[in-house]
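Here is a short briefing to keep beside the model as you look it over. Take the points in any order you like.

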Amino acid sequence: MVLHPEENQQLFYFCKKIDLKMRRNFDLRRVSGALALTLVLGLLLSGKEVKAQSRGFFVPYSTAGFGIGTSSYYGDLAPYRRPLSSTFKMARWSVGGNYTRHFTPRLAARASFIYARIAGDDYIMNRDSKHETSVFYARNLHFRNDLKEFSVQGIYKLTPDNRSYDRRPQLGWYLFAGVALTAHNPKALDSLKGDWVKLQPLGTEGQGNEGYAKPYSLVQFAIPVGIGVRYKINSKFDISAELGYRKTFTDYLDDAHGDYADPALFADDPLAAHMANRTAEQYAVRKGVDRTEGVGKFINVNYPGSLPDGANPLQVLPTTGFGSPGSERGNSPTQKDAYLFGMISIHYMLPSQIKCPPLK
């Protein structure tokens, strides 16, 4: 069949229109497919982002805690070079409460109050054969001091919280540091089965007299630092254990810092004279133990030939110059005293808001 030229031209345009239409439909399908794929990927990515944001969203919460534990002192009567003995031989009690606000999964702050007792005793620390001939045994000082510490501390949680308190980890470690204000007042027994006497007003090292230091303050700053571990009991309660070391800026928690004062300063105050120099006392008054034999060993080792046969060591000791005015009473005048708390505490998760009862 032979077509006329005009008919051939019409057939050519008709086929071209069909071809353009098919290509347009194919392009639309390709665009629609790409658009659909883009939308799906966008929804998936946005879903993941929303999920990540929900995981990172943290609800701050607060806790109130109460704890009990031990306290240890380090200073002139419990030297740093004997850390185990200083920590455990004269350990005493501590009790306290705190309020903690958790701001982020890792950061928190707390306000804390602790009431504790620290103590030291030259006889108890040095009565064994290894230390019986030391100057600390012969010095024969002792004290106790009740501390009232208020502190503000920052907490860094090594194990971060989840987004709310009820989803916190079962077990978590943390570090803390801050600043503290401590009221203290060292005391000592005046005699065997006697009374506990405040030492600061006595000026046992001549404080307050001309040529001597001024009386030391009974309120001191300290820097608490430490580590703790927390265990989740249930959604509302945690239990924690922590060790907190306190660096102080005083050397008078034990009332011993400098040198022995001139006894003439205490001519009108026999109690002050007695508490200032206790080297010649027969008994270690906290334990009621006779020191005569131990002082004799001290003289024979440190002052050979000074103790005649049959002589009373307690009467001979002052003649050796030990405990004389100007000689050392405190053995570390350049080091400050410190103390350590070891506490176990219970923490209660405080409600984030007060829920009112429904109206009837």
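In this predicted model, β4 and strand β5 (residues 171–183) run antiparallel to each other and are joined by 10 bridges; strands count as paired if DSSP finds at least two bridges between them. Helices (H or I, at least four residues) and strands (E, at least two) are DSSP runs, numbered from the N terminus. Residues are numbered from 1 along each chain as its sequence is written, and side-chain values rest on heavy atoms, with hydrogens and water left out. Local features need pLDDT of at least 70 and side-chain atom pairs count only at pLDDT 80 or more, while totals for chains, interfaces and linings use all residues.

**Strand pairing**

- K157 has Y174 as its bridge partner in β5.
- Strand β4 (residues 142–157) also pairs with strand β3 (residues 107–121), again in the antiparallel sense, over 15 bridges.

**The whole protein**

- There are 7 helices and 12 strands in the protein.
- Of its 360 residues, 40% count as buried, where buried means under 20% relative accessible area, exposed means over 50%, and partly exposed lies in between (1.4 Å probe, protein chains only).
- The protein exposes about 20500 Å², and carbon and sulfur atoms supply 62% of that area; the areas come from the Shrake-Rupley method with a 1.4 Å probe, and for residues only the protein chains shown count as cover.
- Among contacts (heavy atoms within 4.5 Å) with a separation of 6 or more, 74% are between residues 24 or more positions apart.

**Salt bridges**

- The model has 14 salt bridges, each defined as a side-chain nitrogen of Lys or Arg within 4 Å of a carboxyl oxygen of Asp or Glu.
- D121 and R286 form one of them, at 3.4 Å from N to O. D121 lies in strand β3 and R286 in the loop between β10 (283–284) and β11 (289–290), so this pair ties together parts that are 165 residues apart in sequence.
- D121 is buried at 3% relative accessibility, whereas R286, at 25%, is partly exposed.
- R139 and D122 also meet in a salt bridge, at 2.8 Å from N to O. Since R139 lies in helix α4 and D122 in helix α3 (residues 122–126), the pair ties together parts that are 17 residues apart in sequence.
- Both R139 and D122 are buried.
- E281 and R278 form a further salt bridge, with their closest N and O atoms 2.3 Å apart; E281 and R278 are both buried.
- If you like networks, look at E132, E293 and K297, which salt bridges link together.

**Helix α6 and its packing**

- Helix α6 (residues 292–302) has G294, V295, G296, F298 and I299 as its buried residues.
- Those buried residues pack against α4 (135–139) and α7 (313–316).

**A222 and its surroundings**

- A222 sits in strand β8 (residues 219–232) and is buried, with a relative accessible area of 1%.
- Leaving aside residues up to four places away in sequence, A222 touches V179, A180, T182, R246, K247, T248, F249 and Y339.
- A222 and Y245 are 23 residues apart in sequence, and their C-alpha atoms are 9.6 Å apart in space.

**Positive phi values**

- N140, a residue other than glycine, has a positive phi near 65°; N140 is in the loop between α4 and β4 and is buried at a relative accessible area of 6%.
- K193, also a residue other than glycine, has a positive phi near 60°; K193 is in the loop between β6 (187–189) and β7 (196–198) and is exposed at 82% relative accessibility.

**Where to be careful**

- The mean pLDDT is 87, and 82% of residues reach 70 or more; pLDDT is the predictor's confidence in each residue, from 0 to 100.
- Over residues 26–55 pLDDT stays under 50, and the model has 2 contacts for them beyond four places in sequence.
- Where pLDDT is low, the predicted coordinates should not be read in detail.
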